[in-house]
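Biologist: Let us go through this model together. I will keep asking how you know.

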Amino acid sequence: MGSPVEEKLTALKRYFGYDAFRPGQEAVVDALLSGRDALAVMPTGAGKSLCYQLPALLLPGTALVVSPLVSLMRDQVTALCQAGIPAAYLNSTLTEGQFHRALENAKRGQYRIIYVAPERLLTPRFLDFAQAASLSLLAVDEAHCVSQWGQDFRPSYLDIPAFVDRLPRRPPVAALTATATPAVRADMEALLGLRDPVESVTGFDRPNLFFQVRRGGQKLPAALEFIQARPAESGIVYCAARRTVEEVCAALQAAGVPATRYHAGLSPQERQANQEDFTFDRRPVMVATNAFGMGIDKSNVRYVLHYNMPKDLESYYQEAGRAGRDGAPAQCLLLYSPQDTRTARFLIEQDRENEDLDPETLERVRERDYLRLQQMEGYCRTQGCLRAYLLSYFGETPPERCGSCGNCLRSGVELDITEDAQKILSCVKRTGERFGESTLLRVLRGKTNDMIEKWHLDRQSTFGILRDQKEADLKERFRALLDQECLVQSPGKFPTLALGPRAAGVLFHGEKVTLWTEVPAASHPRQAAKAGSEAPAEADEGLFQRLRALRTVLARERGVPAYVVFSDASLRDMAARRPRTREEFLEVSGVGEKKLEQFGQAFLDEIAAWEQREER
């Protein structure tokens with residue numbers, strides 16, 4: 001038997017097909033192998049699941065993975081079984097008979113990994129099993145759900161420490177998530193009762209993703225143009241409402257796009273069938289509300305298009321991060337209009353997910369939702385680097401420009417708007433710093449209504465001072481003043497504007513305010529590669545498409561999604577390396593011994609046939 005280091009590297013290659021760990025993974029693996037707790041924050045696609053799956057293979061006993069995501073449980077169990085790792089899930093999708101059989105198998109120690117929903121932990125049957133079992137570790141996925149500061153607070157996560165306390169022996173505990181601000185990370189450690197955890201926060205950057213926001217204009221033609229330019233690619237289109245899902249899906253289908261739909265208004269049977277059509281690439285474009293996608297482990301999604309703005313940046317980054325999970329270049333496009341903000345406010349008011357909270361706590365959660373909505377709107381309207389905006393939100397200090405997002409690559413001119421800025425700031429000050437943007441816009445443009453007259457705002461010296469400006473142009477100036485800290489916005493249902501830290505410098509000391517007037521950047525289907533994508537640029541596109549076709553055939557024969565056979569990134573590496581022997585095939589990223597045994601010869605034969613055609 002080799003050393004622990006040798007064993008983990010051998011298992012990493014044999015079962016997962018990788019020669020080395022990704023950033024942050026090894027620290028978590030080592031912590032769990034040594035019996036220590038761990039806290040891991042890694043962006044979507046960075047390999048969080050391997051952090052507990054690999055130790056589960058090397059430690060005696062059974063690993064429990066707590067997850068709220070039924071789709072993730074099913075997909076990951078399918079992938080683990082394909083890799084030769086016995087695994088199971090226990091959730092509400094099982095019949096009583098299936099649940100009983102799975103639990104009996106678990107009692108006999110037949111599984112190395114079991115996925116379970118948090119609501120089931122303290123049920124008598126499961127608790128009896130857990131107390132008698134030899135548990136190697138407990139992994140808490142989507143651990144941000146324990147925090148009221150998080151975007152998906154779930155009271156059932158607060159039961160996890162009680163479950164751990166009732167075990168005869170406390171296993172090492174790992175808390176993992178993709179998106180967590182510093183406040184949420186602190187809650188994860190405290191509320192889950194982690195003991196001196198090893199922390200692995202790898203950074204939130206996804207270099208292979210190209211971020212872009214398009215403001216204004218007609219959304220449906222923009223979405224159709226974007227999707228029709230990518231006919232062979234799989235993508236997700238997120239919409240805020242069920243009605244919008246229906247409209248967009250119908251328009252795509254009418255245009256010949258193989259799209260399907262997903263929202264809570266469909267029957268469970270139709271949702272399941274449509275999800276499988278998407279997963280198996282029978283309908284590679286999914287139009288959905290945010291009810292779709294949590295835990296979907298589909299690695300070959302090449303774009304995520306947000307037809308509407310989400311309620312917060314955590315949700316946006318998680319949803320956008322479902323593109324490019326294999327590390328190859330992918331697009332993240334958000335279509336924004338001011339109506340999105342009004343829709344998001346309505347959804348916050350109508351939120352019924354946490355009605356079991358007491359009124360004071362519920363109001364506190366909603367106030368935080370309003371604050372997060374402001375930060376989300378700021379992303380949509382910012383003139384600065386989109387990647388920098390996202391990373392700053394999550395507590396990082398990124399470069400001012402990434403050079404590879406829609407804003408950094410836009411073309412246009414920078415305008416000096418200092419004079420207009422001074423007039424706007426003066427209006428805010430003279431009206432008492434107690435009104436919102438819509439009222440201030442009316443004052444500046446000289447428009448009256450009941451509120452203007454009630455507060456005698458039409459008597460202010462700034463009334464009508466910018467009446468020649470279009471409303472849309474003035475809104476851009478407000479956004480620039482917010483971005484450049486000349487204005488600050490209060491949280492809450494009815495936000496107001498006040499002078500920010502830079503306001504005095506602009507009003508009294510000649511500091512300049514600028515606004516970038518842009519010509520929207522064109523789509524950049526391969527632009528994300530500039531940001532450090534792992535996909536090899538020298539991959540032959542024709543051979544890559546042949547290998548994709550072979551993957552589809554093999555996947556259908558086995559009844560599994562295509563990405564379970566190989567990811568797009570593995571196929572591109574294959575098309576670049578062109579292995580000729582089994583030994584060379586093992587050098588391809590994502591190829592382990594099990595996949596070599598199952599699929600190696602078929603792909604070697606396809607590559608050889610391609611090269612023979614090239615020689616003729």
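Modeller: Start with Cys51. Its relative accessibility is 0%, so Cys51 counts as buried.

Biologist: What makes a residue buried or exposed?

Modeller: Buried means under 20% relative accessible area, exposed means over 50%, and partly exposed lies in between, with a 1.4 Å probe and protein chains only. Cys51 has 0%, so buried is the word. Cys486 also has 0% relative accessibility, so it counts as buried.

Biologist: What are the ground rules of this model?

Modeller: It is a predicted model: local features need pLDDT of at least 70, side-chain atom pairs count only at pLDDT 80 or more, and totals for chains, interfaces and linings use all residues. Residues are numbered from 1 along each chain as its sequence is written, and side-chain values use heavy atoms, leaving out hydrogens and water.

Biologist: How many disulfides are there, and how do you know?

Modeller: A search of the whole structure finds 0 disulfides. A disulfide is a pair of cysteine sulfur atoms within 2.5 Å. For Cys51, the nearest cysteine sulfur is that of Cys145, 18 Å away. For Cys486, the nearest is that of Cys427, 15 Å away.

Biologist: Why is Arg551 called buried?

Modeller: Its relative accessibility is 1%, so Arg551 counts as buried. Arg551 sits in helix H21 (residues 541-558). Helices (H or I, at least four residues) and strands (E, at least two) are DSSP runs, numbered from the N terminus.

Biologist: What is Arg551 in contact with?

Modeller: Contact means heavy atoms within 4.5 Å. Leaving aside neighbours within four places in sequence, the contacts of Arg551 include Asn300, Asp568 and Phe603.

Biologist: Which strands form the sheet that holds E3?

Modeller: The order is E3-E4-E2-E5-E6-E1-E7: 7 strands in an open sheet, with parallel pairing. Its edge strands are E3 (87-90) and E7 (198-201), each pairing on one side only.

Biologist: What makes two strands a pair?

Modeller: DSSP must find at least two bridges between them. E3 and E4 have 4 bridges, in the parallel sense. Strand E2 (residues 62-66) and strand E4 (residues 113-116) are also joined by 4 bridges and run parallel. In E4, Tyr115 is the bridge partner of Val65. Tyr115 is also the bridge partner of Tyr89.

Biologist: Which way do the residues of E3 point?

Modeller: Ala87 and Tyr89 point one way, Ala88 and Leu90 the other, and all are buried.

Biologist: What makes a nonpolar core?

Modeller: It is a set of buried Ala, Val, Leu, Ile, Met, Phe, Trp, Tyr and Cys residues joined through side-chain atoms within 4.5 Å. The largest here has 114 residues, and those with the most contacts inside it are Tyr115, Phe211 and Tyr379. Helix H3 (residues 48-58) gives the most to this core, with 6 residues. Apart from it lies another core of 27 residues, among them Ile424, Leu425, Leu440 and Leu474.

Biologist: What does Tyr115 touch?

Modeller: Not counting residues up to four places away in sequence, Tyr115 touches residues including Tyr52, Val65, Leu80 and Tyr89.

Biologist: How confident is the predictor?

Modeller: pLDDT is the predictor's confidence in each residue, from 0 to 100. The mean for the protein chain is 86, and 93% of its residues reach 70 or more. Over residues 519-537, pLDDT stays under 50. Where pLDDT is low, the predicted coordinates should not be read in detail.
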